[in-house]
Amino acid sequence: NAYAQRQFTRWEMSETAAYKWMPFFESWGLYCESQLRNTSTPAAPSNTSSYDGSILPPLTSTWYIHHYNHFQTLYSNGKALKSNDMTGKTSSFLGIVMVVGVNKKELNALAQA
């Protein structure tokens, strides 16, 4: 995903770290796109159904962490969509996961992990 790669470059992540994190970010983008596609309208979002059958609130800034936690469980259990599950399809979702903290040294170490 070119968008994620540009972000990794801006964050000065090592190639090893970017290679390690890219599958996660690609999968997160696929998850978000599927959730946004299932939202009734941006003005009046309704509950959405995850591809694992879970009923979730709409993916909005209010429910972002709820969705991220659900996605993390899917990803950890090998149930999240992967980019090779979508061969021949393109994703229009551009998103990012932000890590916030007070210690820059620890955050830099995390980015390089």
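Helices (H or I, at least four residues) and strands (E, at least two) are DSSP runs, numbered from the N terminus. By that rule, the protein chain has four helices and two strands. From the N terminus on, its elements follow the order α-α-β-β-α-α.

This is a predicted model: local features need pLDDT of at least 70, side-chain atom pairs count only at pLDDT 80 or more, and totals for chains, interfaces and linings use all residues. Residues are numbered from 1 along each chain as its sequence is written, and side-chain values use heavy atoms, with hydrogens and water left out.

Take the whole chain to begin with. The protein chain has 113 residues, and 30% of them count as buried. Buried means under 20% relative accessible area, exposed means over 50%, and partly exposed lies in between (1.4 Å probe, protein chains only). Contact means heavy atoms within 4.5 Å. Among contacts in the protein chain with a separation of 6 or more, 52% come from residues 24 or more positions apart.

Now the helix packing. Two packed helices are described by the angle between their axes and the distance between the axes. Axes are lines fitted to C-alpha atoms, for helices over the stretch in contact, and angles run from 0 to 180 degrees between N-to-C directions.

Start with helix α1 (residues 2-10) and helix α2 (residues 15-37). Their axes are 10 Å apart, and the helices pack at an angle of about 140 degrees. Angles under 35 degrees count as roughly parallel, over 145 as roughly antiparallel, 65 to 115 as roughly perpendicular and the rest as oblique. α1 and α2 are therefore oblique to each other. Their crossing is right-handed. A crossing is left-handed if the near helix is turned anticlockwise from the far one by less than a right angle, and right-handed if clockwise. From α1, the residues A4, Q5 and F8 meet A18, W21, M22 and F25 of α2. The residues of this contact comprise six nonpolar, one polar and no charged. Ala, Val, Leu, Ile, Met, Phe, Trp, Tyr, Cys and Pro count as nonpolar, Asp, Glu, Lys and Arg as charged, and the others, Gly among them, as polar.

The loop between α1 and α2 holds E12. E12 is not a glycine, yet it has a positive phi of about 60 degrees. Most residues other than glycine have a negative phi. E12 counts as exposed, because its relative accessibility is 65%.

Next, α2 and α3. Their axes come within 11 Å and cross at roughly 125 degrees. That makes α2 oblique to α3. This crossing, too, is right-handed. In α2, P23, F24, S27, W28, Y31 and Q35 meet Y64, H67, Y68, H70, F71, Q72, L74 and Y75 in α3. The contact has nine nonpolar, five polar and no charged residues.

Aromatic rings come next. Rings of Phe, Tyr and Trp (its six-membered ring) pair if their centres lie within 6.5 Å; planes under 30 degrees apart count as stacked, over 60 as edge-to-face and the rest as tilted. The whole structure has 14 aromatic pairs. One is F24 with F71, edge-to-face at 5.4 Å centre to centre and 65 degrees between the planes. F24 sits in helix α2 and F71 in helix α3 (residues 64-76), so the pair links parts of the chain 47 residues apart. Both F24 and F71 are buried. Ring pairs join F8, W11, W21, F24, F25, W28, Y31, Y64, Y68, F71 and Y75 into a cluster.

Finally, Y31 lies in helix α2. Y31 is buried, with a relative accessible area of 0%. Y31 and L81 are 50 residues apart in sequence and 7.0 Å apart in space, C-alpha to C-alpha.
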